[in-house]
Amino acid sequence: MTSIQELLLSRIRDVADYPEPGVMFKDITPLLADPAAFTALTDTLAELATATGATKIVGLEARGFILGAPVAVRAGLGFIPVRKAGKLPGATLRQAYDLEYGSAEIEVHAEDLSDGDRVFIVDDVLATGGTAEAAIKLIERAGARVSGVAVLMELGFLQGRARLESALNGAPLEALLQV
């Protein structure tokens with residue numbers, strides 16, 4: 001484990017039985033409150049984005065906004081929020097995806113992406129991969145390409161990485177921590 005991984009992991013709090021009994025929630029608010037840890041995370045994600053040749057950063061609602069916006073600033077790139085359906089004004093592109101129980105939709109402003117864009121997706125957690133897969137499809141429908149995906153934590157037992165492999169078309173998927 002690297003020193004950055006140790007620092008990040010030391011600032012993530014386990015909360016038992018949240019949001020329901022039997023779930024161990026990984027709370028990143030202590031990491032966000034620690035300027036050294038948050039800076040290390042931002043710098044690491046910005047380096048990954050730059051290495052992929054990204055031209056824009058997409059953050060997935062909602063913690064992906066918190067992580068992605070400073071990454072975009074650090075990397076000198078634009079930031080684009082991918083939101084739950086109905087949250088963005090004006091013309092949007094929507095993408096539906098399945099959840100364990102039901103379905104959901106995400107959206108983006110179509111004019112924020114163009115044919116030449118290489119988009120780096122940032123989020124806090126990769127679980128089943130449903131939201132990230134929908135975001136990849138949405139970005140491609142807008143005419144852009146995905147240069148990579150990075151998450152703070154990957155919950156490997158939920159098999160999200162396997163779900164994303166074909167959608168990524170060879171673009172990297174980086175998880176700073178495996179939990």
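Trainee: Which residue stands opposite Glu107 in strand 6?
Mentor: Arg83 does. Strands here are DSSP E runs of at least two residues, and helices are H or I runs of at least four, numbered from the N terminus. By the way, this is a predicted model, where local features need pLDDT of at least 70, side-chain atom pairs count only at pLDDT 80 or more, and totals for chains, interfaces and linings use all residues. Residues are numbered from 1 along each chain as its sequence is written, and side-chain values use heavy atoms, leaving out hydrogens and water.
Trainee: How many bridges join strand 4 to strand 6?
Mentor: 2, and the strands run antiparallel. Two strands pair if DSSP finds at least two bridges between them.
Trainee: What's the strand order in the open sheet?
Mentor: The order is 5-6-4-3-7-8-9, 7 strands with mixed pairing. Strand 5 (93-99) and strand 9 (173-178) are the edges, each pairing on one side only.
Trainee: Switching topic, which strand gives the most to the lining of the largest pocket?
Mentor: Strand 7, with 4 residues. A pocket is an open set of points on a 1 Å grid over the protein atoms alone, where a 1.4 Å probe fits, with protein on both sides within 12 Å along at least five of seven lines; lining residues have an atom within 4 Å of a point.
Trainee: And which residues lie nearest its centre?
Mentor: Of the 40 residues lining the largest pocket, those nearest its centre are Val125, Ala127, Thr128, Leu155 and Leu158.
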